[in-house]
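Thank you all for coming. I would like to walk through one protein with you, slowly, so please keep the sequence and the picture open while I talk.

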Amino acid sequence: MLYEREAVIHNDSGIHVRVAAMIVQRAQELGQKYGCHLYLRTAKSERCEMHSLMKLIALKVMGGDSVFISADGANEEANQDAVEEMIPFLEGDFEMRDRTEAREVDRLLHENALMQERLEMILESVQDGICVVEKSGVITYVNPSYLRIVHKTKEMVLGQNVYESAPDGNRVGVLKSGIARIGVLSRKKNGTTVVANVNPIFVDGEITGAVSVIKDITEIQNLMERLSQLTARADYLEQELLRTKKTAAAFSNYIGKSGKVVDVLALATKAAESAATVLIQGESGTGKEMIAEGIHYASKRRRGPYIRVNCGAIPGTLLESELFGHEKGAFTGAVRRKLGKFELANHGTIFLDEIGEMDKKMQVRLLRVLQQKEFDRVGGEETIHVDVRIIAATNRDLEQMVRDGMFREDLYYRLNVIPIKLPPLRDRVDDIPLLVEHFIKKISDEAHKPVQGITPEAMNLLMHYRWPGNVRELENIMERVITLMDRQTITVDVLPSYIRGETATREIRASGVEASDAVLPWKDYEKQIIANALKQCGTFNAAAKQLGISHKTVAAKARKYGLV
């Protein structure tokens, strides 16, 4: 429990620096003796612990003033004893009892002087300008940075009264109101622009002055102007580049020079110039996502977000929350609000891959977004309006799905505004050498292997293979070959056996011999069976039903043979 008593300071000079040092020394002795902390306050001030010279001096206790001493410790009786022993000391004449006490007081005074010296060194070294003003308006301290910023000498500033030199300034305003002014911009007569933070100084609840901290932002303003000019110039050059080169850069990653590829890129370029919805169709591995990304970055929305969503990889129960977001508490586990992909794609593009895997319920909600540009979060009551361009992609035959009742007809026509059909790799065989060259350079650089090229015989095999996995399968094979081989040229013997076997089978068929006469490894037949089933059925589930095996088995085999 806190114990407090009143005492009267009889010393004529009150609590000055040396007396404060003696009080600190005595408080330390009594605190150690009785296991408590000693505090002192005036009638107008908060209590402060007797361990700081500056705090005791700041109380401005004069001779004849009353003070209140208290002690706080675990033992109530010890607290009383400490206070009762401190009172006679405070009411005494503060004479030194012995040389030891005098040395200790001198040590405290020396430490206080060092602290003041360090503080002054810190203020002198900072780059921000500091100015201290008394309540009367007289400037009592400025650091070198302040003089440098205002272009004045110490003799010109110290002793100046701000009520006379700047009666409408920030320092006078703070002295009058006691309210800080933060981030105030002002322009000096010498052309310097500064930002100032002016704070009042309070002691015992009364304002005693103000401190102003200023920063020269003239150089920052000049840099911002230069940056603005450079940005404007960069925007102009970017527009000029787009006008002269069209969208070549946006589609540069789509390798190919065959007629079908040129037609696809020309159509994608026109699609990028519009805001219409695009439907990209093609087999797995033909580069649908690459075309979608190129359309976004070649369009006017290229500065906006580009959000990808694989509708086939997200369970139907979670797809609604993924696309449209949910409110806190909408379902078990919804511990906070989550923004959906459509909201994140606002003023940009959303790419809906595998759109054919979306169930009928989600198709209805997607149709609303396409028609009205609005949706509701799961569990929410607020209608969210968005400005989003939709690019959809699928490897399934959506027209057949519409006829079978598996895909909404109205949604299909909303998506199919600009249809882009990507050719499979077997229909653009002339592009295979370009793709092989591209992948050799890319993969060998990443693997740090000096692969120089491929033999004509190996290239002939690659060009006669049917590529059910398209470009993705070709890239996977090139990566496998380059990673495992220990030579500088890709030859026939390092290619997978099923590529060699299929090519041999096709040559046998071309010569009039039945394919059954040629015996191939079992995995080659298995791969061809899985590839044909996926091509005809479109999904793992449908292929599994036709083959009479589980969809997990079909998926595992497809991954094993690089078909997905």
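Let me begin with a question: which residues in H12 meet which residues in H14? On the H12 side they are Leu319, Glu320, Leu323 and Phe324, and on the H14 side they are Lys361, Met362, Arg365, Leu366 and Val369.

Before I go further, a word on where this comes from: the model is predicted, so local features need a pLDDT of at least 70 and side-chain atom pairs count only at pLDDT 80 or more, while totals for chains, interfaces and linings use all residues. Residues are numbered from 1 along each chain as its sequence is written, and side-chain values use heavy atoms, with hydrogens and water left out.

Back to that pair of helices, where a helix is a DSSP run of H or I with at least four residues, a strand is a run of E with at least two, and both are numbered from the N terminus. The residues of the contact of H12 with H14 divide into 6 nonpolar, no polar and 3 charged; here Ala, Val, Leu, Ile, Met, Phe, Trp, Tyr, Cys and Pro count as nonpolar, Asp, Glu, Lys and Arg as charged, and the others, Gly among them, as polar. H12 and H14, the latter covering residues 360-372, pack at an angle of about 15° with their axes 10 Å apart, the axes being lines fitted to C-alpha atoms, for helices over the stretch in contact, and the angles running from 0 to 180 degrees between N-to-C directions. H12 and H14 are therefore roughly parallel to each other, given that angles under 35 degrees count as roughly parallel, over 145 as roughly antiparallel, 65 to 115 as roughly perpendicular and the rest as oblique. Their crossing is right-handed, and that word applies if the near helix is turned clockwise from the far one by less than a right angle, with left-handed for anticlockwise.

Not counting residues up to four places away in sequence, Glu320 touches Gly325, Lys361, Met362, Arg365 and Val378, where contact means heavy atoms within 4.5 Å.

Now please compare a second pair of helices. The axes of H1 (residues 17-34) and H3 (residues 76-90) come within 10 Å and cross at roughly 155°, which makes H1 roughly antiparallel to H3. H1 also passes H3 in a right-handed crossing. The contact is made by Met22, Ile23, Arg26, Ala27, Leu30, Lys33 and Tyr34 of H1, together with Ala78, Asp81, Ala82, Glu85, Met86, Phe89 and Leu90 of H3, and these residues divide into 10 nonpolar, no polar and 4 charged.

Next, some single residues. Glu6 lies in strand S1, residues 3-8, and is partly exposed, with a relative accessible area of 42%. Leaving aside neighbours within four places in sequence, Glu6 is in contact with Ser66, Val67, Phe68, Ile69 and Ile87. Ser136, found in the loop between strand S5 (129-134) and strand S6 (139-142), is partly exposed with a relative accessible area of 42%, and, with neighbours within four places set aside, is in contact with Asn161 and Tyr163.

Asn470, in helix H19, has a positive phi of about 60°, although it is not a glycine, and Asn470 is buried with a relative accessible area of 0%.

Finally, the whole protein, which has 23 helices and 18 strands. Buried residues make up 41% of its 564 residues, and among contacts between residues at least 6 apart in sequence, 66% join residues at least 24 apart.

Notes
Buried < 20%, exposed > 50% of the residue type's maximum accessible area, 1.4 Å probe, protein only.
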